Amino acid sequence: MLARFLIRAMDAQAVWTKPLGDLTHRFLHWLFHLMPPVRDLLNGRWLGHPLHAVLTDAPIGILFLVIVFDVFGEPFAALVALGIGILAMLAAALTGIADYADTDGRARDRATLHSTLMLVALLGYVISFWLRTGKGDVPPEAVGTSIASFLILAAGAYVGGDVAYVLGNMVSRHAFRGPGTRWIALEPAELELDGTIPVGRPVRAKLGANGLVLVNDGSRILALHDTCAHAGGPLADGRVVDGQLECPWHGSRFELATGHVRGGPSVYDQPSYEVRRRADGGWEARRSPIGR
Ligand code: FES
């Protein structure tokens with residue numbers, strides 16, 4: 001009941017979050033794609049995990065302490081916590097903006113609402129900090145501003161949770177895929193007349209319920225899952241660059257031989273598969289061991 005009310009309330013904001021999100025996203029996408037190493041660093045590719053999710057808990061915890069210190073009459077401790085909390089918010093915001101640069105559709109609308117709330121909360125905290133500095137006693141309006149900011153921060157965190165847990169932004173598209181070691185018949189969508197897989201370009205294939213993308217590099221058949229781990233882009237529509245497959249949606253790159261992610265915004269590896277010829281001339285494949 002409450003959840004449905006909140007979803008309707010969040011969806012109703014699309015009248016302003018959509019145009020605002022589309023505008024800011026265009027700029028941020030352009031900016032972060034100018035500097036892939038910075039984007040990858042902020043996305044968390046080096047960690048194999050979204051960095052934003054790691055950093056967001058810190059400001060919430062620290063800024064809650066501001067209320068605790070205010071209640072117990074510790075103005076200096078509250079001021080220090082407030083200063084650290086603001087810095088932690090800025091760090092979390094930077095990583096969130098990098099994720100936002102490659103967010104689409106409803107998740108982008110929701111992320112726009114999330115970031116607007118966070119920005120308002122940050123502004124409130126900066127005002128509260130300014131009201132406290134150079135004064136012996138903490139003015140009541142400084143306490144009121146930090147409490148109001150915390151409530152806005154909590155609302156922003158709720159919306160951010162929705163972006164990840166409900167809309168699956170920055171969640172691996174292969175989170176629930178089992179390892180599976182059985183060889184299964186593979187059905188390539190295209191074959192040459194002699195039954196071989198065309199050389200040098202991505203070819204779609206069915207492996208049971210899974211869609212794969214195959215690349216014949218001239219000496220072996222390399223195979224990845226066709227659904228990009230980042231946000232589900234069709235890798236078979238991508239291009240082969242230096243032994244890697246580039247996703248057509250946001251440009252993540254995966255090593256064809258291993259599925260290892262070599263360029264963001266994906267922070268996750270792509271499931272890879274072993275392919276071999278069957279005795280009857282057909283093809284079969286199985287999932288490569290995870291973590292190889
Ligand atoms: S879907 Fe985003 S990089 Fe593939």
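Which residue in β4 is the bridge partner of Val215? The bridge partner of Val215 in β4 is Leu222.

The model is predicted: local features need pLDDT of at least 70, side-chain atom pairs count only at pLDDT 80 or more, and totals for chains, interfaces and linings use all residues. Residues are numbered from 1 along each chain as its sequence is written.

**Domains.** The protein is divided into domain 1 (2–166) and domain 2 (184–287), with bounds that come from an automatic or database domain assignment. Their centres, taken over C-alpha atoms, are separated by 38 Å. Eleven residues of domain 1 are in contact with seven residues of domain 2 (contact: C-beta atoms, placed from the backbone, within 7 Å).

**Strands.** Strands are DSSP runs of E, at least two residues, numbered from the N terminus; two of them pair if DSSP finds at least two bridges between them. Six strands close into a barrel in the order β1-β2-β3-β4-β9-β10, with antiparallel pairing.

An open sheet has four antiparallel strands in the order β5-β6-β7-β8. Its edge strands, β5 (239–241) and β8 (261–263), each pair on one side only. The twist averages 35 degrees from one strand to the next. Within this sheet, Arg253 stands opposite Gly263 in β8.

| Pair | Residues | Bridges |
|---|---|---|
| β3 and β4 | β3 210–216, β4 221–225 | five bridges |
| β7 and β8 | β7 253–255 | two bridges |

Notes: Axes fitted to C-alpha atoms, helices over the stretch in contact; angles between N-to-C directions. Contact = placed C-beta atoms within 7 Å.
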